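The sequence and the structure come first.

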Amino acid sequence: TMGCWILNESLSIILVLSWLGVNLYLFIDTFYWYEEEESFLYTRVILGSTLAWARASAVCLNFNCMLILLPISRNLISFVRGISTCCRGPWRRQLDKNLKFHKLVAYGIAVNATIHVVAHFWNLQRYHWSQSAHAEGLPAALSKLGNAPNESYLNPIRTFYTNTVTELLKTIAGVTGLIIALALILIMTSSTEFIRQVSYELFWYTHHVFVIFFISLAIHGAGRIVRGQTPESQRLHNVTFCRDHYAQWQQVAQCPRPQFSGKEPSAWKWVLGPVVLYACERIIRFWRFQQEVVITKVVSHPSGVLELHMRKRDFKMAPGQYILIQCPSISWLEWHPFTLTSAPQEDFFSVHIRVAGDWTEALCKAFGAEGQAPKELWSLPRLAVDGPFGTALTDVFHYPVSVCIAAGIGVTPFASLLKSIWYKCESQTPLKLSKVYFYWICRDPKAFEWFADLLLSLETLMSERGKAHFLSYHIFLTGWDENQAVHIALHWDESTDVITGLKQKTFYGRPNWSNEFRQMAYAHPSSGIGVFFCGPKALSKTLQRMCCLYSSADPKGVHFYYNKESF
């Protein structure tokens, strides 16, 4: 199993190791440069190796800040996904892990920012100590530079009696450094899974502090706190000789007083390209915000789910894609992702929205859901739509056999797929896909009655077309009370299921995935089987393990290819 996992995840491992390798190279290369560079020799006399720690972590911080915006540039990813020459098979699956890479880079930023802050804390203490009465020798002589007219200084702390924190906050580097640290803490803490589940709006708003973070990062080095000897001073001042004769500076011809200057800021050079790309992303979103979205139908399901049918000029979609929706009357800033539940063959596009936070609750109320009187279409609030954007599910039709597994609300992405299959079967469109296994695990099917209706219409069509074997679906109910159990037992012998109304009976409890995968491997001994999942992480790990366990070591045997839906 481990060997198979390594084989299937080899590209992910290569990409992660490449990222780690670049970080290590940048850190080690920068560290040794500052440890050996002659222009910073006098700076190292005061600061020691913490100078190299601060600068090396700063370069890695810039590198990761350059990468952090790329995985969340949806239009860029959609463009790359559409380039068939570089995005086939396993490479395409790497694009579906964009959010994982975004989080990985964020951890890299957090680690390097911590090293940078701690190193500069020690640098400040060393600067401060070298101004004390106890400081002797070359560090004391270097710290006194700048007291006389026309002298440049090396030590930014000018007297021992200065409060270092107060002095630091008087500088551009100190103020922007504090802002960067606070912004990073806000972004990281609000990104935890607990906060996202409790209040997505809090996560969304605090995450946009990244604008302040990047502005502060770009001007952070403008204060030029880290100072080194100027090139002209190096030519006139023989460091190798003069460092041991600091008492004779200005008295010996080859030892004039050394001159220092701050290092030119470079962070903006690292992040300029990605920031411009992301700015283009926001411009595209603003342009789409201006486009008119016509709401053609509103359905309030008794299960508390709001269904919206919409039209938009030149809107083209594929099964499994998602859109971002904004409602200006609720919030001018928030965009929320929703999976498309319509098929490309329909003359509208639709989403199903369940209340799962303040924003969705406000939207459902604005559109007359939750038992309110239905509103006229002309009186409904305006919506803006960005997208559609691709996900892993768009590859379902590329496999001869596909396994679709949904847990709870994770069933939504598969609505579009099943509808598309319905239309393709109705129009007799030839398909590479010859078999679909669909698994749905839910606690309460009443919460998704609209989806059971879709399955019923699909089941009917397949029977009429003589393709009942094409779709094999299995519904597992994991939650029921005593009254439901009695009712199920009394009506078990009826031709249709008592819960869903479908011919296929509902299973009670959780599926035995080992048995399910074994049977699929036996039924398709020489096929490539795409496994598509939308649901919780724990089940995702189980399914990924099953894909590895039941994939054949023989290249001509059965192979399961795992794809997880995320947006």
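Leaving aside its neighbours within four places in sequence, which residues is His-102 in contact with?

## His-102 and its surroundings

The model is a predicted one. In it, His-102 is in contact with Ile-68, Pro-71, Ile-72 and His-207, once neighbours within four places in sequence are set aside. The residue belongs to helix α7, which spans residues 98–129.

## Overall make-up

The chain has 567 residues, of which 49% count as buried. Its secondary structure comes to 22 helices and 14 strands. Of the contacts between residues at least 6 apart in sequence, 74% join residues at least 24 apart.

## Annotated transmembrane regions

An unreviewed UniProt entry carries the annotation "transmembrane region" for residues 12–33, 53–72, 168–190 and 202–223. In the model, residues 53–72 are 80% helix and 0% strand, with 30 Å between the end C-alpha atoms. Residues 168–190 are 87% helix and 0% strand, and their end C-alpha atoms are 28 Å apart.

## Nonpolar cores

The largest nonpolar core holds 50 residues. Tyr-42, Cys-65, Ile-109, Leu-142, Phe-213, Phe-214 and Trp-249 have the most contacts inside it. Helix α4, residues 50–68, gives the most to this core, with 10 residues.

Seven of the seven residues of β9 are buried, so the strand is largely enclosed by the rest of the structure. Val-401, Val-403, Ile-405 and Ala-407 point one way from β9, while Ser-402, Cys-404 and Ala-406 point the other way. Residues of both sets are buried.

β9 pairs with β10 in the parallel sense over seven bridges. It also runs parallel to β13, to which six bridges join it. Val-403 illustrates both pairings: Tyr-437 stands opposite it in β10, and Val-531 is its bridge partner in β13.

## Helix α21

Which residues of helix α21 are buried? In this helix, residues 513–523, they are Trp-513, Glu-516, Phe-517, Met-520 and Ala-521. These residues cover an arc of only 130° around the axis, which puts them on the same side of α21. In general, an α-helix has 3.6 residues a turn, so residues three or four places apart point the same way.

The buried residues of α21 pack against β9, β10, β11 (471–477), β13, α22 (537–549) and β14 (559–564). On the other side of the helix, Gln-519 and Tyr-522 are exposed.

## The β3-β4-β7 sheet

Three strands form an open sheet with antiparallel pairing, in the order β3-β4-β7. β3 (293–300) and β7 (349–354) stand at the edges with a single partner strand each, so one side of each is left without a neighbour in the sheet. On average, neighbouring strands here are turned by 25° against each other, direction ignored.

Between β3 and β4 (residues 305–312), the antiparallel pairing extends over seven bridges. Ser-300 stands opposite Leu-306 of β4. Helix α17, residues 358–366, packs on the sheet and touches β4 and β7. Its direction makes about 115° with that of β7.

## Backbone exceptions

Most residues other than glycine have a negative phi, and most peptide bonds are trans. The peptide bond from Gly-387 to Pro-388 is cis, with omega near 10°. Pro-388 lies in strand β8, residues 384–389.

Gln-250, which is not a glycine, has a positive phi of about 80°. Its place is in the loop between α15 (239–242) and β2 (260–262). Asp-314 also has a positive phi, near 60°, and sits in the loop between β4 and β5 (322–326).

Is Asp-314 buried or exposed? Its relative accessibility is 67%, and since exposed means over 50%, Asp-314 counts as exposed.

How values were computed:
Residues are numbered from 1 along each chain as its sequence is written. This is a predicted model: local features need pLDDT of at least 70, side-chain atom pairs count only at pLDDT 80 or more; totals for chains, interfaces and linings use all residues. Side-chain values use heavy atoms; hydrogens and water are left out. Buried means under 20% relative accessible area, exposed over 50%, partly exposed in between (1.4 Å probe, protein chains only). Helices (H or I, at least four residues) and strands (E, at least two) are DSSP runs, numbered from the N terminus. The arc is that of the directions from the helix axis to the C-beta atoms. Contact means heavy atoms within 4.5 Å. UniProt positions are given in the numbering used here, feature names are shortened, and annotations may be inferred rather than shown by experiment. A nonpolar core is a set of buried Ala, Val, Leu, Ile, Met, Phe, Trp, Tyr and Cys residues joined through side-chain atoms within 4.5 Å. Two strands pair if DSSP finds at least two bridges between them. Axes are lines fitted to C-alpha atoms, for helices over the stretch in contact, and angles run from 0 to 180 degrees between N-to-C directions.
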